[in-house]
Amino acid sequence: SFPGHAEADAVRARLALLGIESVIQTITVDGRTFHRVRIGPIEDPVRLNNVRTRLRANKVEHLVVQVTE
């Protein structure tokens with residue numbers, strides 16, 4: 001998450017160069033706005049691990065979050 005949209009957009013562009021599609025999600029927490037760069041959802045564990053490997057190899061910090069509905 002980034003306080004500035006430009007920072008999130010730069011990460012999104014970097015991911016695109018790695019062939020990883022992402023979106024920017026804007027949220028407000030305690031009156032502060034943040035811009036999250038999100039990938040997925042990725043349901044296939046093999047594909048998830050491949051993406052995580054690419055992120056690590058390119059030194060992109062990331063968290064895996066399980067989404068429940």
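In these legends, contact means that heavy atoms lie within 4.5 Å. The model is predicted, so local features need pLDDT of at least 70 and side-chain atom pairs count only at pLDDT 80 or more, while totals for chains, interfaces and linings use all residues. Residues are numbered from 1 along each chain as its sequence is written, and side-chain values use heavy atoms, with hydrogens and water left out.

**Figure 1. The chain as a whole.** The secondary structure comes to two helices and two strands, in the order α-β-β-α along the sequence. Helices (H or I, at least four residues) and strands (E, at least two) are DSSP runs, numbered from the N terminus. The C-alpha trace spans about 40 × 30 × 15 Å along its principal axes. The chain has 69 residues, of which 16% count as buried; buried means under 20% relative accessible area, exposed over 50%, and partly exposed in between (1.4 Å probe, protein chains only). The accessible surface comes to about 5600 Å², and 50% of this surface belongs to carbon and sulfur atoms. Accessible areas come from the Shrake-Rupley method with a 1.4 Å probe; for residues, only the protein chains shown count as cover. Among contacts between residues at least 6 apart in sequence, 43% join residues at least 24 apart.

Figure 2. Ser 22 occupies the loop between α1 and β1 (23-29), whereas Val 23 belongs to strand β1 itself. Ser 22 counts as buried because its relative accessible area is 8%. With residues up to four places away in sequence not counted, Ser 22 touches Arg 12, Leu 15, Val 37, Arg 38 and Ile 39. Val 23 has a relative accessible area of 48% and therefore counts as partly exposed. Under the same exclusion of residues up to four places away, Val 23 touches Arg 12, Arg 36, Val 37 and Arg 38. The C-alpha atoms of Val 23 and Ser 1 are separated by 12 Å, and these two residues are 22 residues apart along the chain.

Figure 3. A nonpolar core is a set of buried Ala, Val, Leu, Ile, Met, Phe, Trp, Tyr and Cys residues joined through side-chain atoms within 4.5 Å. The largest one has six residues: Leu 15, Ile 20, Ile 42, Val 51, Leu 55 and Val 60. Leu 55 lies in helix α2 and counts as buried because its relative accessible area is 4%. Apart from neighbours within four places in sequence, Leu 55 is in contact with Leu 15, Ile 20, Ile 39, Val 60 and His 62. Val 60, with its neighbours within four places likewise left aside, is in contact with Arg 14, Leu 15, Leu 18 and Leu 55. The C-alpha atoms of Leu 55 and Val 37, 18 residues apart along the chain, are separated by 13 Å.

**Figure 4. The largest pocket and its lining.** On a 1 Å grid over the protein atoms alone, a pocket is an open set of points where a 1.4 Å probe fits, with protein on both sides within 12 Å along at least five of seven lines; lining residues have an atom within 4 Å of a point. The largest pocket holds about 1000 Å³ of space. Its lining has 28 residues, and the closest to the pocket centre are Val 37, Arg 38, Ile 39, Leu 63 and Val 65. At least two lining residues come from each of α1 (5-17), β2 (32-38) and α2 (45-57), and α2 gives the most, with four residues. The volume is the space filled by probe spheres set on the grid points, which are joined across faces, edges and corners. The lining divides into 16 nonpolar, four polar and eight charged residues. Here Ala, Val, Leu, Ile, Met, Phe, Trp, Tyr, Cys and Pro count as nonpolar, Asp, Glu, Lys and Arg as charged, and the others, Gly among them, as polar.

Figure 5. Asp 30, in the loop between β1 and β2, is not a glycine, yet it has a positive phi of about 50 degrees. Its relative accessible area is 77%, so Asp 30 counts as exposed. Pro 41 is in the loop between β2 and α2, and the peptide bond from Gly 40 to Pro 41 is cis, with omega near 15 degrees. Lys 59 is found in the segment after α2 and has a positive phi of about 55 degrees, although it is not a glycine. Lys 59 counts as exposed because its relative accessible area is 70%. The C-alpha atoms of Lys 59 and Arg 36 are separated by 18 Å, with the two residues 23 residues apart along the chain.
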